[in-house]
Amino acid sequence: MAGLIHDVGKIILDSYIVEKKEEIESFMEKEEKAFFDAESQYFGFNHAEIASEVCKKWNFPESINFAIKYHHQPGKSDSDELSYILHMADYIAIMSGIGYDSDDILYELEEGTMDYLNITNEDMSDIVLKVTESVNKISI
Ligand SMILES: [Fe+2]
């Protein structure tokens, strides 16, 4: 459920992003910052925080609201397992080419995530390969 809804804040912010698109792109290029950083810079909050607030209004379980809020920064979640899992799943989806966005090239796995989840580089390669194969299988 958290994986399906975690980026709903992007949809909510979209019309505001369009108004500042050139400024935001310029900021990202000049500062070498990800879109997530640009959101905070231009709006004072990011899509993860908005999504979390919306999920509260929708009476989602607090564990989901919390994980969504920290899905880009699990290190700020006070070691919340679902926040780390959501962050890792998001990263794997991007590495596997699922739901590619122009900002994804700058998406970084937060330091400490692999250690927290006890995942090695070899595990990661296997997971990305398996996800890619599975997606290709159902996409044909
Ligand atoms: Fe996100």
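Biologist: Is K10 buried, exposed or partly exposed, and what is its relative accessibility?

Modeller: Buried means under 20% relative accessible area, exposed over 50%, and partly exposed in between (1.4 Å probe, protein chains only). K10 counts as partly exposed because its relative accessibility is 26%. This is a predicted model: local features need pLDDT of at least 70, side-chain atom pairs count only at pLDDT 80 or more, and totals for chains, interfaces and linings use all residues. Residues are numbered from 1 along each chain as its sequence is written, and side-chain values use heavy atoms, with hydrogens and water left out. So K10 is partly exposed, at 26%.

Biologist: Which residue forms a salt bridge with K10?

Modeller: A salt bridge needs a side-chain nitrogen of Lys or Arg within 4 Å of a carboxyl oxygen of Asp or Glu. Here the closest N and O atoms are 3.8 Å apart.

Biologist: In which helix do K21 and E25 lie?

Modeller: Their side chains meet in a salt bridge, 3.7 Å from N to O. K21 and E25 are four residues apart, about one turn of the helix. Helices are DSSP runs (H or I, at least four residues), numbered from the N terminus. Both lie in helix 3, residues 21–31.

Biologist: What is the N to O distance between K56 and E53?

Modeller: Both lie in helix 5 (residues 47–57), three residues apart. K56 is partly exposed at 37%, and E53 is partly exposed at 44%. Their side chains meet in a salt bridge at 3.2 Å.

Methods: Helix = DSSP H or I, 4+ residues; strand = E, 2+ residues; numbered from the N terminus.
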